[in-house]
Amino acid sequence: MDIKIKDQPFYIQSTVVFFGLILLVYVLNILAEILVPLAFAAFLSILLNPLCNRLQKMRVPRFLAILIAMFIMIATVLLVFYFLSTQIVQFGEAMPMLQKKFESITADVEIWVKDNFGVAVAKQEQMIKNALNNSQAMVGRTLNSVLGILSVVFLLPVYIFLMLYYKKLILNFLYEVFAEENSKKVSEVLSETKTAIQSYIVGLLIEMIIVAAMNSVALILLGVKYGILIGCIGAILNLIPYLGGIIAIALPVLMATVTKDGYSTQLGVIIAYIVIQFIDNNILVPRIVSSKVQINALMSIIVVLLGNQLWGVSGMFLSIPFVAVLKIIFDRIEPLRPWGKLLGDNIPTQHMTEIWRNRRRRKAAMPAKADG
């Protein structure tokens, strides 16, 4: 007996879809350690693909072209880490002085709390100790995440090389999965997906460089020590939605508190970062990043939170390009186009009921004109 889902009542169809989504999320969660590095490798291989193609047009063998492209990527990353490490070394040399200053500020805060709230210093220290003991589990999870990131770093080059090397095999598989008459739609989806991912990653890198420059200049003008290091770290943290921006502001405020007297510098840092965040959110992101992906703000927030719940920080980075790919696919499949419109940033000028009403009026007027 042949039973088609689309012929069943709505509550059966919705139940099947709901359980299908539950199963999909469960599988994505269970296989996170495998799928996360594969997802990053896929995005980075798409980013390196134009460079590989250009090298191959210059008659460089494909094997060597991939190695050259990967060498350029790795060299760029190492150059950035070398620059940051030189700043970190200078920061480490001043750690004993900063630690003494921080202990002095902590002692003043404890006395202030005792005088104003009546909490004894010993009790405050016990509360801090209990909080640190309770955070051991969180530190353990963070360490596991760091170890996981290190394992991903070693796997990424292998995945990227193999994906670029077997590119034609993967593309042929995608074409052969679908019928030949759908080859044009498949080609359009693949082309737009490649363009969206490349533009999104390049947009993020440009945004990070501009924000790092603005942060560093602002901190140097305000006289905050290690302004370049803190500004660059703030730009990297800014790539993490919501939480990253808060930490990015907290770091220079803490540094100014430890190294300077008074509170004018801290106030200047907060004002400067608010201005930078305004420029970033209203000028840089809409024109450099969001315009490439074309996902509306509401859906962006929802998918970032869902990505964080599913894959943590990695999910927050991967969620937007992943949904951008889904939107491209939805826009090409007739039954799924409403979902593509829901994800997009085009706000309709008319309510759907008005469009249907006008359509019915035109259909009703056409026979009357024909009779006349």
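**Figure 1. Burial and surface of the predicted model.** Of the 372 residues in the protein, 28% are buried (under 20% relative accessible area, 1.4 Å probe, protein chains only). The protein exposes about 25,200 Å² (Shrake-Rupley method, 1.4 Å probe), and carbon and sulfur atoms supply 69% of that area. The protein has 14 helices and 0 strands (DSSP runs, H or I of at least four residues for helices and E of at least two for strands, numbered from the N terminus). This is a predicted model, in which local features need pLDDT of at least 70, side-chain atom pairs count only at pLDDT 80 or more, and totals for chains, interfaces and linings use all residues. Residues are numbered from 1 along each chain as its sequence is written, and side-chain values use heavy atoms, with hydrogens and water left out.

**Figure 2. Helix 7 against helix 8.** Helix 7 (residues 167-177) and helix 8 (residues 183-221) cross at roughly 140 degrees, their axes coming within 9 Å (lines fitted to C-alpha atoms over the stretch in contact, with angles from 0 to 180 degrees between N-to-C directions). Leu171, Leu174 and Tyr175 of helix 7 contact Ser183, Val186, Ser187 and Leu190 of helix 8 (heavy atoms within 4.5 Å).

**Figure 3. Helix 8 against helix 9.** The axes of helix 8 and helix 9 (residues 227-237) come within 8 Å and cross at roughly 145 degrees. From helix 8, Met208, Val211, Ala212, Asn215, Ser216, Leu219 and Ile220 take part. Their partners in helix 9 are Gly227, Ile228, Ile230, Gly231, Cys232, Gly234, Ala235 and Ile236.

Conventions: Buried means under 20% relative accessible area, exposed over 50%, partly exposed in between (1.4 Å probe, protein chains only).
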